[in-house]
Every structure is written in structure tokens, then in C-alpha cells.
Amino acid sequence: MALTKRQSEELAKQTFEYAPAPESTDFVKIEPSYNLFIGGKMVAAHSKKHFPTINPATEQKLSEVVEADEVDVDRAVKAADEAFDSWSRMAPSRRARYIFRISRILQERARELAVVETMDGGKPIKESRDVDIPLAAAHFFYYAGWADKLEWAFPNRKPRPLGVAGQVIPWNFPLLMLAWKIAPALAAGNTVVLKPAETTPLSALLFADICMQAELPPGVVNIVTGGGKTGSLVVTHPGVRKVAFTGSTEVGKLIQRSLAGTGKRLTLELGGKAANIVFDDAPLDAAVEGIVNGIYFNQGHVCCAGSRLLVQESIAEPLLEKLKLRLGTLRLGDPLDKNTDIGAINSKAQLEKIESLVESGIEEGAEIFQPECKLPERGYWFPPTLFTNVSQSYRIAREEIFGPVLSVLTFRTPAEAVEKANNTPYGLSAGVWTDKGSRILWMAERMRAGVVWANTFNRFDPTSPFGGYKESGFGREGGRHGLLPYLELV
Ligand code: NAP
Ligand code: MG
């Protein structure tokens, strides 16, 4: 029997109690401290400085890692440089086999990697298990396939690797960003020095173990841990021929300035403030799921998050009503629990940044909505938040919050939607929800965004290029395009 509208509304308001379903951590072994991965083995660092990495959901210390210094980074670059000669000359099909082997081991050890990723970074286990780790493995699979087909990828050209790639990644998708960086670099015949983010170094150190397990030739991949200083030592090292950076626009600009005139190749994947645009003919329930996935996935720590909802005025009311109901059903809490939708904020510093931007939204006059939500006592948490009554000039509509905070704006015509969507210094992604194929194409043509999703959001695929316009950076990762930054075409 079909439910009446009233009955289904009542049902939607009910919150269900879920029994705890924590993922086991028994099979995960986190060492009390880690060395650096240089020249194919874990080696004692020159630097005597260490720092802790914590679990942001509990504030408990998980391990200690090295803050690599100039001597350490120099050793890593030298090891990568020494390995380059034989790695780049190796028969491409053999190189492919190593990369395939890495992806197979990533799959075999997926559960362990997912748990470590969740403990170190705070993201829900269902996301690390179903998104981060499978996509990381898929990336290696995909680029393994290209390793012996580079001449077909770029017909009538001679693709040649560049040398040592220096790569610096952020904390929001630690292993996945590592895969985006390392897989195409290796497939193209380069060697790598990678620095993971300060708050999430553990999956990269597990990856070092996977490189050893795969018997990857020593020095092809090197992992140095540390903070911003170590990152800047990696990218400015004269032995590095190509720099790949994912992180904030601010640091991206700094790196671009420091590399000017060095002849080093550079790709930057930076911040975003994406518009998720819902037209009046969109299927509303599907759109609500897309909006939730767009901004609350990974606590909104997503560079391409749909942080600005642009909704056509005529449907704003029913859509927001549905959206608010849906927010009330999101479960926030223990990231290791398989039912958790919203995990911990990655760090105290990030939490403070979110809090201060949300405060500015209230002060500037926006109306805040947060569902009833009990935050755990320890750890860093922020409830799913939605702002209406937002003007384009407000900071919450212009600046990247990088948290579970959505700003809602309205529009009347498609032209106004385009105008508002593009009214941002960023240009990483956008979403369009409509029933009409012609409108999707019309919109996609006019969006200044690297990726435009149609009737979906936050979909990633290794075969599809990803990257930005304007202050979101330049260069593409993924797909055949993702090989290009790692090759010289003669
Ligand atoms: P971040 O401060 O720029 O840090 C990114 C990485 O760079 C970290 O490993 C960081 O080390 C390192 N770093 C900091 N200062 C450096 C310097 N002067 N030279 C070289 N490396 C340096 O950004 P974040 O706060 O970690 O990440 C959030 C930002 O990343 C957001 O703005 C987000 O939009 C962006 N992001 C973009 C994409 C994309 O694909 N476009 C993907 C993910 C994230 P520490 O760990 O010590 O800070
Ligand atoms: Mg951590």
C-alpha cells in the first residue's frame, strides 16, 4: 500500500537507532614510530626531530614520524635520481608489471589500509573502505595499462620521462592523492619523492611497505614525512625535475613563485568553491542525495565539494525542506563505525578554521540550520550545517570552508545560474541537476570548471581527467591527460 504524503513525511522525520557496528582494528599494526622510506628501505633519519600523528576522533596519539630535514630530502632525491636510469630504461611491460603488482597488493591489504586511513584522518570507514582505497587501487591498475602504450597515447611523438618527480599531497584523501601522483609518474618512467601531509602520514608509510612487498626496485619511490618545511625542501631541490602539488591555493602560489625560472615542470591542484545547481525540473529526491554527497562527503574536506548550492527559486522551498529533513538523518560519530556518515574533522586547526568561517556567516546575516546532533566529547567534530539567506558577497559564499557547511543561493534563469556559478576565483568542479539533456550541455559549455557533473556529484574515475581553472590550479590528473605532465614529447 502506498503511503500518503503525510505518512511518508512522518517516516522521514523518524530517526532510527542503530546498534554499534565498529570495524575491528585487531589486524592493524601501527608502529610506535616510523623512519623514512629511502632507497627501497626504511632508514634512520638524519633529522632528530619527530612529531606525533593523532587520531582526530579520539585525540589519541597513534605514532611518531620524522620531520625530514635538508639532508634527508637530499638523500631521497639522490636515491630517486640513481634509480631513474634503470627504471626509465626498463622494458615498459616490465614496469607495468610492478605497477600492477602494487595495485593487487593494495586490494589484498584494502581492509588494513581503510582502517589506518580512518584512524589517522577521521573519515568514515565506509568512505575509506568503499571510495578511497578501491579508487587508489584502480588508479594503479589504470596507469599500469598505459606504461607500455605511451607511444599510442601520443601518436607520432616520442614520449620520454622527465626524471625525479617531487610530490606533495594534502590530508583529505591521503592514499588516493598518493595514487593520483605516484601511478602516472611511474607509468611514464619517472621516479618519485613524495611527502604526505603532516596529519595523515600513516597510509603513505604503509604504502612504503607495499613497495617493498612488491619488490619495486630501490629508489623508484621514496617517502619523506614532515610539515610544510619538508614539502618546500622537496619541491625546491635542484634534482627534482617535475613538481606535483595538491593543497591550498596559498601554498600553490608560493610554490609557483619559488619555481619560476628553474625550468621545472609544475602542476597544481588547489582549492575550490563549486556550485551545485538544481533546476526546477530536477528529480528532487535524487538531487537531495547529490547535495548531501556533494558537501557532507568526507566532512566537506573535498577540494571539489559542492559548497554553494544554487537552487531555482520556484523549487527552493520544497527542496530545502527535504534537505533539512535529510540532514537530520545523517549519523555523526565514531569514524570506525560502519554506519557513520560524518566522521571527525581532520585536525584542531581545521576545526577552528571552519568555526571562524561559520561565525562570519552568522555575523554577516545568513541564517544557519543545524540538525539536532550530539557531538562526542573528545575529538574534533562539526555538525552538518546549512546557510540560507546568503548573499554572494558573504565570506561563506566566496571562501573555501573545507568543512561540512553548505551555502544556499537562489537563481531564476539559466543565465543567472551561470553568472553566479562562475562568480568565484576558483574553477574546479560544478554540478547540474535537470531533466533536460540539452540544458546539461548548455550549462557544461558555460561553466568555468574542470569537471561538470550532471545529475550526480563527487564521482571519480581514473580514466577521467581532473583539474582546475583559475585559482584552482592547472594541469590534469587522471586519464591520458594525467600522463602528459610526466612526459616530454620529442
Ligand atoms: P596545504 O597547507 O597547502 O598543504 C598541502 C601540502 O603541502 C601538505 O603536505 C603540506 O604540509 C604541504 N606544504 C605546506 N606548506 C608548504 C610549502 N611552503 N611548500 C611545500 N609544501 C608545503 O593544504 P592543506 O590544508 O593540507 O589541504 C587543504 C587544501 O588542499 C584545500 O584548500 C583544498 O582545496 C586543497 N585540495 C585540493 C585538491 C585538488 O585536487 N585540487 C585536493 C585536495 C585538497 P603540512 O601537512 O605540514 O601542512
Ligand atoms: Mg593523524
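A residue counts as buried here if 20 or more other C-beta atoms lie within 10 Å of its own, and as exposed if 12 or fewer do. Keep that pair of cut-offs in mind as we walk through this model, which is predicted.

Let us begin with the whole protein chain. It has 490 residues, and 52% of them count as buried. The chain contains 16 helices and 19 strands. Along the principal axes, its C-alpha atoms fill a box of roughly 70 × 50 × 45 Å. How does its radius of gyration fit with that of a compact globule? A compact globule of 490 residues would have a value near 23 Å, and the protein chain has 23 Å, so the two agree. The contacts tell you about the fold as well: among those between residues at least 6 apart in sequence, 72% join residues at least 24 apart.

Now find helix α4, which runs over residues 110-121. Its 12 residues reach 16 Å from the first C-alpha to the last, close to the 16 Å expected at 1.5 Å a residue. Is this helix mostly covered or mostly open? It is mostly covered, with nine of its 12 residues buried. The buried ones are Leu113, Ala114, Val115, Val116, Glu117, Thr118, Met119, Asp120 and Gly121. An α-helix has 3.6 residues a turn, so residues three or four places apart point the same way. What do the buried residues of α4 pack against? Their partners are the strands β3 (50-55) and β4 (60-66), together with the helices α3 (92-108), α5 (125-146), α7 (174-187) and α8 (202-213). After α4 comes Gly122, whose phi is positive, near 95°.

One of those partners, α8, is our next stop. Its 12 residues should span 16 Å at 1.5 Å a residue, and its end C-alpha atoms are 17 Å apart, which agrees. Helix α8 is also mostly covered, since nine of its 12 residues are buried. Those nine are Leu202, Ser203, Ala204, Leu205, Leu206, Phe207, Ala208, Ile210 and Cys211.

Why does Glu215 count as exposed? It has 10 C-beta neighbours inside 10 Å, and the cut-off for exposed is 12 or fewer.

Glu59 has a positive phi of about 65° although it is not a glycine. With 12 C-beta neighbours inside 10 Å, Glu59 counts as exposed, because the limit of 12 is itself included.

Finally, turn to ligand 1. How many residues surround it? There are 29, and the closest are Gly227, Gly228, Gly231, Gly247 and Cys303. Two helices, α9 (228-236) and α10 (249-259), each supply at least two residues of this shell. The largest share, four residues, comes from α9. Sorted by class, the shell around ligand 1 has 13 nonpolar, 12 polar and four charged residues.

Technical notes:
Residues are numbered from 1 along each chain as its sequence is written. Chains are lettered from A and ligands numbered from 1 in the order in which they are written. This is a predicted model: local features need pLDDT of at least 70, side-chain atom pairs count only at pLDDT 80 or more; totals for chains, interfaces and linings use all residues. The expected span of a helix is 1.5 Å times one less than its number of residues. Two residues are in contact if their C-beta atoms, placed from the backbone, lie within 7 Å. A residue is near a molecule or strand if its C-beta atom, placed from the backbone, lies within 6 Å of it. Ala, Val, Leu, Ile, Met, Phe, Trp, Tyr, Cys and Pro count as nonpolar, Asp, Glu, Lys and Arg as charged, and the others, Gly among them, as polar. The radius of gyration is taken over C-alpha atoms; the globule rule is 2.2 Å times the number of residues to the power 0.38.
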